[in-house]
Structure formats: structure tokens, C-alpha cells
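Keep the sequence and the 3D view at hand while reading.

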Amino acid sequence: MKAVVGGTKVLQLQEVDNPNIEDDEVLIHVEAAGVNRADILQRKGLHPPPKGASPYLGLECSGIVEQVGRNVTRWKIGDQVCALLGGGGYAEKVAVPAGHVLPVPHGISLKDAASFPVVACTVWSTAFMMSRLSAGETFLIHGGSTEFGTFAIQIAKYFGMRVFVSTGSEERLAFCKYLGADVGINYKTEDFVARVKKETGGRGVDVILDCVGGPYFQHHLNSLNVDGRLFIFRIHGRFVSEVNLQTLFTRRLTVQGDFFELRA
């Protein structure tokens with residue numbers, strides 16, 4: 001098969017050996033692969049693939065099941081799927097644990113489905129599984145017009161949350177509103193803490209999904225309701241921040257962080 005190889009050097013398409021599958025894996029003939037920040041970091045030598053994973057780039061893909069392991073019952077040859085990978089998406093074929101494979105969502109093309117697994121699994125694990133976001137709660141999403149933000153808006157509305165978003169332009173806010181966001185905040189022209197307090201009657205939101213980090217940390221604590229949860233899944237600002245710990249204790253706040261690709 002052919003795969004994209006090269007590491008920190010110029011990427012090239014080369015002939016490589018076909019992957020072998022284990023009993024609990026499937027072999028996918030790749031239709032398309034997503035491009036993620038971790039791929040860029042891996043090329044720079046900053047994000048090595050997990051032990052035992054494919055040496056090739058690519059954390060998500062879509063395609064057709066070509067072979068199934070003897071213990072696999074959920075999938076069959078010919079199924080159209082997408083998958084979360086430890087690596088190997090930039091190749092014609094990839095071996096994937098069956099539990100990392102997803103059906104192609106209804107109404108989405110096989111090609112477009114390649115962009116689904118990382119976003120969906122990141123938002124679901126951070127906001128719903130770990131932050132316990134529940135129907136009727138309020139949810140602030142920073143970077144509402146990003147790939148993670150647009151997915152988070154739609155799934156949160158589907159499950160009955162009141163959704164707040166922040167982004168840097170009125171055009172992006174309009175797009176977020178189109179997707180279902182209830183409250184839009186332009187962080188370049190508005191104090192998002194004051195707006196959150198105003199919209200929630202002074203209480204604050206229940207969950208915040210953050211991709212900024214240090215510069216916003218104290219502002220986030222000030223924006224949370226009692227028993228609120230802050231989840232930091234990206235750092236596009238500073239890693240270091242000064243914080244008033246009294247806010248954590250008096251409002252019983254929870255702060256969590258994770259870099260999802262490290263678990264892929």
C-alpha cells in the first residue's frame with residue numbers, strides 16, 4: 001500500500017507494507033483522513049505516536065471495512081465507517097481497534113466523515129463524560145466557530161442545554177447563532193464575565209469548555225456557578241496563571257484538563 005511518510009522532513013508518498021490486524025481489530029481501506037494539530041506537532045518531533053501505534057500521521061479517517069478480526073462482531077466487510085486512530089490515517093489502509101470505529105453519521109458523506117471522530121470524541125469526553133454536562137444546564141464554549149465549538153453547540157442544544165459562545169467577530173457569532181447558540185459574546189468588544197453574569201442572573205454558567213488557558217483562568221472561575229466545572233482541553237494562551245483559590249473553595253468549583261490526542 002501507499003502511505004505518507006517523512007516525519008520532520010518533506011512528506012512523500014511511498015510504498016510500505018500492509019498493516020496486520022489483531023483479533024479485536026478491523027482493517028479499513030481509507031477514503032479520507034482528517035488533519036489535526038497533533039499531526040503538525042508529530043512532524044515537529046513533539047508528539048510521538050503511542051507505543052504500538054502506526055508510525056504514520058493521521059489521527060482520524062473514514063473508509064470501507066476490508067477485513068475484520070476473529071473477535072469482532074460489530075463490524076463486517078463493506079461497512080462504511082470512520083475511526084479514531086493512534087496514527088496511520090495518512091495511508092491507504094489502517095488497522096484499528098474495533099472499539100475506536102464509528103458508523104458514518106446519517107446525512108454525512110464518507111469523505112466528510114473523516115473529520116468527525118476527533119471532534120466528536122473530544123467534546124463528548126470532556127464536556128459530557130468528565131464535566132457531567134446535563135440537560136437544563138448552562139454551557140459556555142470558547143472558540144464557538146472552531147471545529148470543536150461548532151460540534152459542541154449542536155450536540156449541547158440537542159441534549160437540552162442553554163449554550164453561550166465566545167468568538168472574535170460578529171460574522172462568527174452569527175454563524176454560531178445559526179447552529180443554535182443562545183447567547184453570543186464577542187470577546188474583543190465585550191467583557192464575557194459580565195455578560196455571563198448578566199445572562200444568568202448573577203449565578204454564572206455550569207460548565208465552561210476552554211481552549212485558551214492561562215489568560216482566562218481567573219475569569220473562568222469568576223464566570224462559574226456554584227458547583228461549576230471548567231475543562232481546559234487546549235492551551236492557545238499562556239500555561240502559567242495567577243489564581244485566587246478562594247473562588248474555588250467558596251463556589252465548590254472543579255477544574256480539569258486533558259490533551260485528548262494523548263489518549264487516542
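## L13 in strand β2

L13 sits in strand β2, which spans residues 12–15. The model is a predicted one. L13 has a relative accessibility of 59%. That is over 50%, so L13 counts as exposed. Leaving aside neighbours within four places in sequence, L13 is in contact with K2, A3 and V4.

S134 lies 121 residues from L13 along the chain. The C-alpha atoms of L13 and S134 are separated by 46 Å.

## C82 in strand β5

C82 belongs to strand β5, residues 80–84. Its relative accessible area is 0%. The cut-off is under 20%, so C82 is buried.

S115 is 33 residues from C82 in sequence. In space, C82 and S115 are 8.7 Å apart, C-alpha to C-alpha.

## Helices α2 and α3

Helix α2 covers residues 117–130, and helix α3 covers residues 147–158. The two pack at an angle of about 60 degrees, with their axes 9 Å apart. That angle makes α2 oblique to α3. The crossing is right-handed.

From α2, the contact is made by V118, V119, A120, T122, V123, W124 and F128. From α3, the partners are E147, F148, F151, A152, I155 and A156. By class, the contact has 11 nonpolar, 1 polar and 1 charged residues.

## Helices α3 and α4

Helix α3 also packs against helix α4, residues 170–179. Here the angle is about 30 degrees, and the axes are 9 Å apart. An angle under 35 degrees counts as roughly parallel, and α3 and α4 are therefore roughly parallel to each other. This crossing too is right-handed.

T150, I153 and Q154 of α3 make the contact with F175, C176 and L179 of α4. These residues divide into 4 nonpolar, 2 polar and no charged.

## The buried side of α5

Which residues of helix α5 are buried? In this helix, residues 192–199, they are F192, V193, R195 and V196. They cover an arc of only 165 degrees around the axis, so they lie on the same side of α5.

Several elements cover these buried residues. Among the strands are β8 (138–142), β9 (162–167), β10 (183–186) and β11 (205–210). Helix α6 (217–223) is also included in the cover.

## Positive phi in two loops

R132 is not a glycine, yet its phi is positive, about 60 degrees. R132 is placed in the loop between α2 and β8. Is R132 buried, partly exposed or exposed? R132 is partly exposed, with a relative accessible area of 46%.

R252 also has a positive phi, near 55 degrees, and is a residue other than glycine. R252 lies in the loop between α7 (245–251) and β13 (254–257).

Note on methods:
Residues numbered from 1 in each chain as written. Predicted model: local features only at pLDDT ≥ 70, side-chain atom pairs only at ≥ 80, totals over all residues. Heavy atoms only, no water. Axes fitted to C-alpha atoms, helices over the stretch in contact; angles between N-to-C directions. Helix = DSSP H or I, 4+ residues; strand = E, 2+ residues; numbered from the N terminus. Parallel < 35°, antiparallel > 145°, perpendicular 65-115°, else oblique. Left-handed = near helix turned anticlockwise from the far one by under 90°. Contact = heavy atoms within 4.5 Å. Nonpolar A, V, L, I, M, F, W, Y, C, P; charged D, E, K, R; others polar. Buried < 20%, exposed > 50% of the residue type's maximum accessible area, 1.4 Å probe, protein only. Arc of directions from axis to C-beta.
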